[in-house]
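Me: I would like to learn how to read a structure like this one, taking one feature at a time. Could you walk me through it?

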Amino acid sequence: MEFDTVIQDGQVIDGSGRPRFRADIGLQDGKIAAVASGERLSARRAIDANGLVVAPGFIDVHSHAEWILPLSDHASILAPLVLQGITTVISGNCGFSPAPVTESSAPLVDRTAGMLRDRPLEYSWRSFAEFLDTLQTNSLLLNCAVLVGHGALRLAAMGDRTGPPTSAELEAMCALARLSLRQGAAGFSAGLAYAPGVFAKNDELLALLKVTAGEGRIFTVHGRAYSWVSPFYQPMFFGAPHNLRSVREIIGLASQAGVRLQLSHQIFVGRRTWRTARSVLKEIELAAAQGLDIAFDAFPYTVGNSTINVIFPEWFLAGFLQNVNDLACLRRLKRDIDLLRLALGIGYADLRLLVSGVPELEHLEGLDFAEIAHRLRLPEFEAYMHVARLSQGDARILLGTYSGDEQEETPLRLALSHPLCAFMTDTILSHHPRHNPASFGTFPRILGRYSRDLGLFSLEEAVRRMTSFPASRIGLQDVGRIAAGLPADLVLFDPLKVADHTTPTQTDLPPTGIQAVLIAGEVVAQQGKLVDGVLKGRVLRG
Ligand SMILES: [Zn+2]
C-alpha cells in the first residue's frame with residue numbers, strides 16, 4: 001500500500017518506555033497507519049529520519065496557554081512551544097480557567113487572570129462547552145485539553161466575596177463543576193495560594209473533589225505553600241515545614257474524596273527550603289504506596305514566573321496603592337520582607353524583572369534587582385519598591401531559588417529523576433519581548449542536559465514521562481503514544497544535538513535538535529521554524 005507520508009528509518013521511541021527500535025512509520029489521513037520494523041514502506045512523501053529519534057509529540061502537563069489560545073494571533077505567541085516539540089498542552093491550571101463564566105463573573109475572571117493573559121479576552125462564551133467549541137472553531141496551533149478552574153466556579157457562584165460559600169452557593173459550584181466536566185473539561189484545578197482559591201477552606205474543596213472523583217477526572221493543584229515557612233500556616237515558625245504540611249493536607253483531601261491527584265509544579269522555593277525535598281517526595285511515595293493515584297510535575301529550571309507582589313504580605317497588598325506611598329507602611333514592610341528573605345534564603349539577585357509594562361522601566365527589564373539597585377543608585381529594597389510603585393504591582397518577575405540555583409540543584413534533580421514526575425513548562429507566553437526560559441527550552445533541556453549529558457534517566461524514560469505518562473494521568477486516549485490508529489502527532493529530534501540554549505540573562509534563545517514536529521500528520525514546524533498557516537490542533541475533551 002502507498003501511504004500519504006512515510007517517516008523513514010527513524011529510531012522509534014514509542015512513549016511506553018520500552019527500548020527504541022528502528023522502523024518506518026506510515027501515515028494516512030492524519031493518522032499513524034503502520035509502524036514497520038525491518039521493512040521499507042512506500043509513500044507519496046518521505047521524511048528521512050535516519051539518525052533521528054521519532055517520538056510522540058510532547059505533552060506539556062501544566063500550561064497557562066488557555067488565555068492565549070482564544071486569540072486570533074495565538075500561533076505566533078505560542079510558536080516557541082511547538083518549536084520545542086510540544087503538540088499538546090494541558091491548560092486551565094492553578095485554579096484559572098476562562099470558563100465557565102456568567103455575565104457578572106467574566107470581568108472578575110479576567111481580572112484574577114491578569115498575570116496569565118496577554119490582553120483581555122472577549123468572553124463570547126458562557127459554558128465550558130461553548131468555550132471548547134470556540135477554541136475548536138478558531139483553529140488551533142496545537143492540541144489542548146482544558147481543566148475547569150476552581151476560581152471560575154467560585155466567581156460564578158458567589159462573585160468575589162472572600163468568605164466561605166453558603167450551602168446554596170457550594171451546591172451551585174458543585175453543579176457547575178459537574179456540568180463542566182461532562183461538557184469536556186479534562187479535570188478540576190485549584191490554586192490555593194491565589195485569590196480566590198486562597199479563601200477556600202477544606203470542606204469547600206472536599207465537596208468539589210468528590211464531584212471530580214464521581215466524574216472519574218483528575219484534580220491538579222497549586223498548593224498552599226512551596227517554602228518551609230509561608231504566611232499560610234500560623235504561627236509561622238513552629239511545626240512541620242509548610243510545604244510538607246501543604247502536601248499532606250492535599251493528600252488527605254484527595255484520599256478522602258478518592259480522586260486522582262496531580263501536585264502541580266513541585267518546587268522548593270528558597271535555599272532554606274531545599275533540605276525538605278526528600279521528605280516531601282517521601283510523603284508522595286507513601287501516599288502512592290497506600291493506594292492513592294498520585295503524581296507531580298516539574299520544570300527543569302531554577303526560576304519561575306511570578307509577580308512583583310509575590311514577596312508582599314497580605315496586609316500590604318490589601319491597600320497596595322496607598323501603602324506603597326506611606327513611609328510607616330514601607331518601614332514595616334521592609335522589616336517583614338527582610339525577615340522572610342532571611343528565613344527562606346532568597347536575595348534580591350534571585351529576583352529578575354521580566355516585564356514592567358511601564359516605558360520608563362523598560363531599560364531595566366531582564367536585570368536582577370541587585371543590578372537594578374546598582375543602576376538606580378538605590379538600596380535594593382527601595383529599588384524593588386520603585387518598580388512595584390511605577391508598575392502598580394503589575395510587573396512580572398522571574399523568581400529564582402526554585403529547587404536550586406546556579407551552584408546547586410540537588411532538589412531539582414531529585415524531582416526530575418523521580419518516576420512520578422511529569423514535565424511541564426508552567427509558562428506564560430505573551431507578545432512581550434522577555435520570557436521565562438521554560439517557554440523555549442523545557443523539553444530539549446530534559447532530553448539533552450538531564451537525560452543525555454547528566455544521565456539521570458534514559459531517553460526512553462524521559463520520553464515516557466513527556467508523553468504516555470501525562471496522557472494516562474489526564475485520561476487522554478489518542479495522544480502520547482506511537483501506535484497504529486492514533487493521530488500522527490510526532491516529533492523528530494537528533495538525540496546527539498537536542499539541547500536548550502537559554503541562559504539566565506538571555507531567556508529566549510531557541511533550542512537545537514528538534515528537526516520536525518507533526519500534528520495530525522501535517523508538518524507544523526521544521527528546522528526551528530513554524531510552517532505558515534498549518535493549524536491542525538484539536539480540542540481534547542475529557
Ligand atoms: Zn501554579
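Me: Which residues of helix 2 (residues 105–112) are buried?

Reply: Please keep in mind that this is a predicted model, in which local features need pLDDT of at least 70, side-chain atom pairs count only at pLDDT 80 or more, and totals for chains, interfaces and linings use all residues. Residues are numbered from 1 along each chain as its sequence is written. A residue is buried if 20 or more other C-beta atoms, placed from the backbone, lie within 10 Å of its own. In helix 2, a DSSP run of H or I with at least four residues, the buried residues are Ser 105, Ala 106, Leu 108, Val 109 and Thr 112. They sit on the same side of helix 2, because they cover an arc of only 165° around the axis, taken from the directions from the helix axis to the C-beta atoms.

Me: What covers the buried residues of helix 2?

Reply: The cover includes helix 4 (150–158).

Me: Which residues touch the most other members of the largest nonpolar core?

Reply: In soluble globular proteins, nonpolar side chains tend to be buried together. A nonpolar core is a set of buried Ala, Val, Leu, Ile, Met, Phe, Trp, Tyr and Cys residues joined through C-beta atoms within 7 Å. Here the largest core has 169 residues, of which Val 54, Leu 142, Cys 144 and Ala 177 touch the most other members. At least three residues of this core come from each of domain 1 (56–303 + 402–528) and domain 2 (307–399), with bounds from an automatic or database domain assignment.

Me: How many residues of domain 1 and domain 2 are in contact?

Reply: Contact requires C-beta atoms, placed from the backbone, within 7 Å, and 15 residues of domain 1 are in contact with 14 residues of domain 2.

Methods
Buried ≥ 20, exposed ≤ 12 C-beta atoms within 10 Å, placed from the backbone. Helix = DSSP H or I, 4+ residues; strand = E, 2+ residues; numbered from the N terminus. Contact = placed C-beta atoms within 7 Å.
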